[in-house]
Each structure stands twice: as structure tokens, then as C-alpha cells.
Amino acid sequence: MKIAQIQSHVYSDKMKNAEQMERRLEELAWQKPDLVMLGEMFCCPYETKLFPVYAEPEEGPVWRELSRLAKKHGIYLAAGSVPERDGEGRVYNTAYVFDRAGRQIGKHRKVHMFDIQVEGGQHFKESETLTPGDKCTVFDTEFGKVGLCICFDFRFPELARKMVLDGARLILVPAAFNMTTGPAHWELMFRGRAVDNQCFVAGTSCARDREAGYVAWGHTLLVSPWGDVIEEMDEREGVMVHDIDLSYADKVRAELPLLSARREEVYR
């Protein structure tokens, strides 16, 4: 599988963000990626008050544009996350996945709300305007099963383990760590989850914008099932592309049998 991770700038005009994705995909075309991944809230400034303003229903304008781009470029498109509004007016932080024909094959609503108050650091409360999802998400590709969660979800090891037990050998995590949590936990957490679950992990952030209300850490990265950082970007806009062989997860699991050696009777 050739995976491309796009660390993009977030504009206040959400359709401008979609247009930016099209330019990036055109630039990537010669590399023929199989799966392209975007960052959390790639089309909406990361501010709680703006999530309801930018929210669209499934199959809204942004959804249709992403579906079109997946079909046009013949890729799996893990479209970061966007604010989604349901029929009752609830707003979710939602990640859509499209296949090579532009069909939606995956959808994850962020399960764990990012409600934090770090003394001398970051304050944020997603639950002011967002509703949590209630499902663990794994979707099928021609390469095998892929897990999907959003940012703060990945702080909860039981969710990552559930995705792996459901067959995932790669977990995609659109995320937006900040200038407090990023330096402290970004690489540490992704490497830890990869090692514990013996899977590839791709964390994709939007680029850092110091003028924004919420300043993202950036540092999009890809980690192997052995815990090696294959590559980590800095804070600036950019793209990284890598070939990964998901069967490497099987090799690591056979050599160091953490998953098969689990003693479930002890954990109950």
C-alpha cells in the first residue's frame, strides 16, 4: 500500500480547503498513492463555536467534493474529519472514508470528547458544541482491514486494541494535538500504540498556524508495528508518501506474540 499524508493549512473558507486538497492530489498523481489521508477538521478552524457554523449533513457539499476527488484520482480517501450535522441538529466530529469509486466505505464519529484543562497550558471543551459517537470503526480495503479513530480517541488504549482485534493492521488517526500536548505526548503515544498493538499507525495533523485560535502541533507521522518512526514532518505544510507492507504486522506478531498470548481470563 502506498499511503500519502497531507498536512495542510486550514482556511476560514471551507470550500477553499477542499480546492486545496484537489491541488495537492493533482501534485501527488504521478506517485500513484493507494490511500490519501487528511488531518482532523481540515476544512474548519478548530474552534468549538465554529463547528456548528461549518457543519453539513452527510452528502453535503464537502462530502460530495471528497467523493468526487476519490473517484477522479482512483484512491482510497480518508478525509480527515469534518463537522457533521445529523437530522436532529446534533453536531459530530466525523471522519469519512471513500473508496476508489468515490463510494463511502467508512465513517467514524469521534467517541471521546476533547475536554481538557491543563494548568498553565491548554483549555478546550469539545462537548460545548459536539456530540460523541458510539462506535469502533474498521473498514475493508483490497489490502486488508484498516482502523480509524480521531485524535483524543487514540488516548484510550482499549479502542486501539478493539480495532486490532477486529482485524486492523493499520490505524489511521486524523488529529490536532496542540502546543501543550504535542511536545509531551504526540510521538510517545503513537509509538506506544503501534508497539502495543503491533500495527502501522498513521497520525495526520493540519499544519501549524500561529494566527489561529487553536495552534496545532503538526508533526504528521507514520509508525511501524515495531515502533519505529518511519517519518515525522515538522510543523509546516507538506506531504509525505510511503510504501508500507501490512504483512509486516503479521511478521512482528508472529515473532513477538503479544496479541495471541493475551490472558483474557485474567483481565475480566
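Strand 4 and strand 5 form a hairpin with five residues between them, and G89 in the turn has a positive phi of about 90°. Pairing requires at least two bridges found by DSSP between two strands. Within the pair, P83 stands opposite N93 in strand 5. Strands (E, at least two residues) and helices (H or I, at least four) are DSSP runs, numbered from the N terminus.

The model is predicted: local features need pLDDT of at least 70 and side-chain atom pairs count only at pLDDT 80 or more, while totals for chains, interfaces and linings use all residues. Residues are numbered from 1 along each chain as its sequence is written, and side-chain values use heavy atoms, with hydrogens and water left out.

P83 is also one of the residues touched by C44, along with V10, N17, L50, F51 and Y54, not counting residues up to four places away in sequence. Contact means heavy atoms within 4.5 Å. C44 lies in the loop between strand 2 (35-37) and helix 2 (51-54). The C-alpha atoms of C44 and G144, 100 residues apart along the chain, are separated by 31 Å.

In helix 4 (residues 157-165), the buried residues are L159, A160, M163 and V164. They lie on the same side of helix 4 because they cover an arc of only 140° around the axis, the arc being that of the directions from the helix axis to the C-beta atoms. Their cover includes strand 9 (137-141), strand 10 (144-148), strand 11 (170-174), helix 5 (181-197) and helix 6 (247-255). G167, which follows helix 4, has a positive phi, near 115°.

E59 is in the loop between helix 2 and helix 3 (61-73); H219 is in the loop between strand 12 (200-204) and strand 13 (221-223).

The table gives relative accessible areas (buried under 20%, exposed over 50%, partly exposed in between; 1.4 Å probe, protein chains only).

| Residue | Relative accessible area | Class |
|---|---|---|
| C44 | 1% | buried |
| H219 | 16% | buried |
| L258 | 39% | partly exposed |
| E59 | 48% | partly exposed |

L258 is in the loop between helix 6 and helix 7 (264-267).
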